[in-house]
Amino acid sequence: MKALRGWSAFLAAAISCALGVASLLHPDRNLPRVPSWEGLIAPLAGAPLPRGAAVALLARTGAGDAYNRFLLLEAAWRRPDVRWTPVQEFPLDSHCDAVVMTDDRPPAPGWRTTWESGKVRLFRRTSR
Amino acid sequence: MSAWLPVALSVLGGWGIARWHRRFSGAPGVVLGTVLWGVVLMGTSLAVLDVAGIRWTPALLAFLALLAAASGLLARPPAKPSRRREWTWGAIAIVATAARALPVAAVPAFGWDFRYSWGLKAKVFALAGRHDFAWLTRPPDWLAHPDYPPLWPDLIASGVIFGGDPATAAAAWQALFVVGIAAACWECSASAPAPVRALAAIVGAWIPVVFTPTVAYSGYAEPLIAFGISAGVAALLRMPPRNRGAWITAAAACAILATTKNEGVALATALAIATWWTASRRAALAVAAATVGSVACWRVAATLHGVQGYLSVLSPEWVGTRLLDLPGEIRAVATPTHVALLVAWAAALAAIRGSDAPAIRTIVGVWAAALVAAYLTSPLKLDHMLRFSLDRELAVLLPITVAVGLRNARFPGRAAVRPAPDSAPAG
């Protein structure tokens with residue numbers, strides 16, 4: 001019984017080590033390590049947004065909820081210094097004075113483009 | 001390189017505290033003690049500065065770490081007897097551990113939960129120079145888990161505070177955890193011959209699943225949890241009545257676990273219950289106090305600031321439906337890795353005997369119950385949860401359980417050697 005327990009311990013150790021080595025060979029290891037939306041939102045790093053500003057990210061036309069959700073999180077990753085809110089349309093009645101858009105929609109009345117780079121455009125209110 | 005500075009400083013400070021700790025019998029060895037106290041030192045420094053309203057700065061963090069290191073020079077830990085025969089096998093264990101730690105250190109973290117939860121919070125905290133409760137109250141998305149205890153983002157944030165990027169900081173800390181898990185497994189198998197101890201250390205360093213270099217694992221909190229529970233179990237098994245050094249280790253490990261993640265809270269609770277069943281009441285009270293205190297500090301702060309997270313669903317209908325679905329869902333998501341993990345678990349548990357068995361069975365039982373409860377009461381889809389977490393959860397506690405099984409193992413043809421040094425005073 002004692003010897004059996006010993007072999008059992010070695011078997012557990014062997015499987016555990018083998019799984020540790022196998023983790024290096026995981027089939028997903030060669031998949032892209034950055035999300036596909038990273039390039040789309042990357043120019044945001046240079047956007048003139050004051051620290052602590054409340055900024056809305058407009059949902060991308062035609063993209064699914066999951067894509068827009070991760071786009072928002074990527075915006076937060078790029079610019080953790082501002083407060084992000086997801087919106088479907090230009091926020092006419094909210095505390096947000098800045099909107100970031102990643103598609104080609106025209107801005108709503110009362111908003112103007114103040115900065116753009118790549119597909120990223122930053123809008124500010126012209127009036128309240 | 002700057003992302004490595006807080007890790008290096010923590011190692012220095014941890015070494016200093018570990019020297020004081022080694023004055024008590026049952027304290028861990030130099031390597032495990034250094035990693036354990038390094039993590040505790042950095043986490044505590046950040047928490048205390050935040051509570052005191054002092055902004056986190058590199059100078060302050062460096063000062064506190066160097067102070068701890070300098071104080072260690074004043075401590076005179078009792079000299080331990082030399083173990084010359086272990087040098088060869090110790091060297092093999094070191095090489096195998098380095099072979100795991102270096103690749104972990106070389107790959108900046110890139111997992112999705114790292115990018116959008118742990119690392120994101122680290123960036124936010126580092127920018128604010130404190131725990132930014134305003135952000136946690138209104139995160140861009142609940143995927144960021146604002147209610148989770150903050151130790152892992154705090155450790156990453158320390159690298160950002162020193163000017164590094166969070167991905168490199170996470171990799172640097174995780175390389176340290178590889179060393180810590182290996183050291184805990186080495187110490188846990190103290191009563192075994194040197195070759196078996198080396199094998200235990202290798203099992204620790206090469207922990208399954210949690211260091212997988214893919215977007216589903218990289219930079220996650222599980223390595224920190226695995227280190228915490230490994231250090232805690234190693235301490236628990238060297239806890240005869242007056243081994244105060246072991247109580248302190250277990251309490252520190254519980255503090256790490258309880259401030260890392262909800263799973264960590266469950267494992268700290270399991271360790272506290274196991275201490276109650278198998279060690280002295282005073283030891284159990286110390287471990288329970290560390291667990292409850294750590295959980296309470298964060299929960300009270302988060303609640304006072306209005307931080308919310310996912311709420312568990314406790315309705316009997318919800319829980320009952322998921323309970324019925326659970327076996328089928330597990331079968332649906334099971335992979336060869338899950339099967340191999342379960343076989344390893346079965347073999348590891350079968351190998352444990354004697355006085356070690358009650359403690360380990362208690363921890364594994366409480367952990368398994370907590371895991372099932374989490375799956376049954378979560379508002380998230382069951383198949384999604386199982387697919388993206390079950391293998392990680394099965395892996396965190398495995399290496400130290402295997403190491404416990406190896407404590408009494410002998411290579412065929414070799415006689416038992418010396419008694420465990422665990423219960424001897426550290427001198």
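These legends go with close-up views of a predicted model.

Local features here need pLDDT of at least 70 and side-chain atom pairs count only at pLDDT 80 or more, while totals for chains, interfaces and linings use all residues. Residues are numbered from 1 along each chain as its sequence is written, and chains are lettered from A in the order in which they are written.

**View 1. Helix α1 of chain A meets helix α9 of chain B.** The axes of α1(A) (residues 2–22) and α9(B) (residues 194–205) come within 8 Å and cross at roughly 35 degrees (lines fitted to C-alpha atoms over the stretch in contact, with angles from 0 to 180 degrees between N-to-C directions). Helices are DSSP runs of H or I with at least four residues, numbered from the N terminus. On the α1(A) side, look for A:Ala13, A:Ser16 and A:Cys17; B:Leu199, B:Ile202 and B:Val203 make the contact from α9(B) (C-beta atoms, placed from the backbone, within 7 Å).

**View 2. Helix α7 of chain B is mostly covered.** This helix spans residues 151–161, and eleven of its eleven residues are buried (20 or more other C-beta atoms within 10 Å of the residue's own, with C-beta atoms placed from the backbone). Among them are B:Trp152, B:Pro153 and B:Asp154. Just after α7(B) comes B:Gly163, with a positive phi of about 95 degrees.

View 3. Buried residues make up 56% of the 427 residues in chain B.

Notes
Helix = DSSP H or I, 4+ residues; strand = E, 2+ residues; numbered from the N terminus. Contact = placed C-beta atoms within 7 Å. Buried ≥ 20, exposed ≤ 12 C-beta atoms within 10 Å, placed from the backbone.
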